[in-house]
Amino acid sequence: MLRRATGYLEEHGSTSPRLDAEVLMTHALGLRRIELYLQFERDLADAELQPYRDLLSRRGRGEPVAYLVGYREFMKLDFLVTPDVLVPNPDTETLVVRAIELGRGGKTRVADVGTGSGNIACAIAHYVPAAGVCAGDISEAALEVARQNAERLGVGERVRFAVSDLLEEMPGPFDLVCANLPYLPSWTDLPAEVRAQPPGALFGGEEGSEVVRRLLENAPERLAPGGVVLAEADTAVFEALRALVVERFVGHRIHRDLGGHERVLEAWTS
């Protein structure tokens, strides 16, 4: 069944068909992935097959695996995810790893702008016990998911939440502002599993830079002396914002992700 499912998902555009097939089967059968191999010769009953086939059909239509199983691993932590939030992306770990370094270096008053599932805020709070994080999002539905994740991961007492358009309703000053904001141009053609995610978390206007630009324009006034902004985007957005960054910040650098792509802008005020 796994072989057949892998072939089906490959035909329907999955970039990781075998992994998807295994994750969906473990979910349908209530097993761990290692148990699939320990029970590889096991015959599946019809009652077990139908839920799995339903999941495969939905995946074949482009629904993200994380929405189908209800969670996604990020920074070695499991996060609840729903269609109200963006699926945590492994590339965002580049931002969080740098935020943890800065947090352990004393930048413990942290804002997570556009928190979504809360993956950035909760990961920072988990790995930097001294940190206090304010997590904001314009979507109340997204904030509810983030609250649940904070409680599940045991950091609820150190993560505050605010319904906020960027930093407007988030009380500062902050030592560190983190943001994975929408940065795709509105005309971008996307795979079905990406299109299934909230458009407000994906598209940053005609050029893709509008939302990140607004953050960078306003962040310096909300930062403590020596404060830092970490913003995820891509090369095109960084180029569009270069003049603004030079004008508004004392210095900046770009961090690359594990694939070698420009991924995170770090900018500081002094």
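1. Some terms come first. Ala, Val, Leu, Ile, Met, Phe, Trp, Tyr, Cys and Pro count as nonpolar; Asp, Glu, Lys and Arg count as charged; the others, Gly among them, count as polar. By these classes, the lining of the second largest pocket has 14 nonpolar, 11 polar and 5 charged residues.

2. The model is predicted: local features need pLDDT of at least 70, side-chain atom pairs count only at pLDDT 80 or more, and totals for chains, interfaces and linings use all residues. Residues are numbered from 1 along each chain as its sequence is written, and side-chain values use heavy atoms, with hydrogens and water left out.

3. Now the second largest pocket itself. A pocket is an open set of points on a 1 Å grid over the protein atoms alone, where a 1.4 Å probe fits, with protein on both sides within 12 Å along at least five of seven lines; lining residues have an atom within 4 Å of a point. Its volume is the space filled by probe spheres set on the points, which are joined across faces, edges and corners. The second largest pocket holds about 500 Å³. It is lined by 30 residues, and Gly114, Asp137, Pro182, Gly200 and Ala201 are the closest to its centre. Two or more lining residues come from each of β3 (109–113), α7 (119–127), β4 (132–137) and α10 (210–218). Helices (H or I, at least four residues) and strands (E, at least two) are DSSP runs, numbered from the N terminus.

4. The largest pocket has about 1000 Å³ of space. Among its 40 lining residues, Arg72, Val87, Pro88, Asn89 and Pro90 lie closest to the centre. Strand β1 gives the largest share of this lining, 4 residues. The lining has 21 nonpolar, 7 polar and 12 charged residues.

5. Look next at two helices. The axes of α2 (residues 17–29) and α4 (residues 46–60) come within 9 Å and cross at roughly 140 degrees. Axes are lines fitted to C-alpha atoms, for helices over the stretch in contact, and angles run from 0 to 180 degrees between N-to-C directions. In the contact (heavy atoms within 4.5 Å), α4 supplies Glu48, Tyr52, Leu55, Leu56 and Arg59. The α2 side includes Asp20, Leu24 and His27.

6. Two backbone details remain. The Gly172 to Pro173 peptide bond is cis, with omega near 0 degrees. Pro173 sits in the loop between β5 (159–163) and β6 (174–179). Met75 has phi near 55 degrees, a positive value in a residue other than glycine. Met75 is in the loop between β1 and β2 (77–80).
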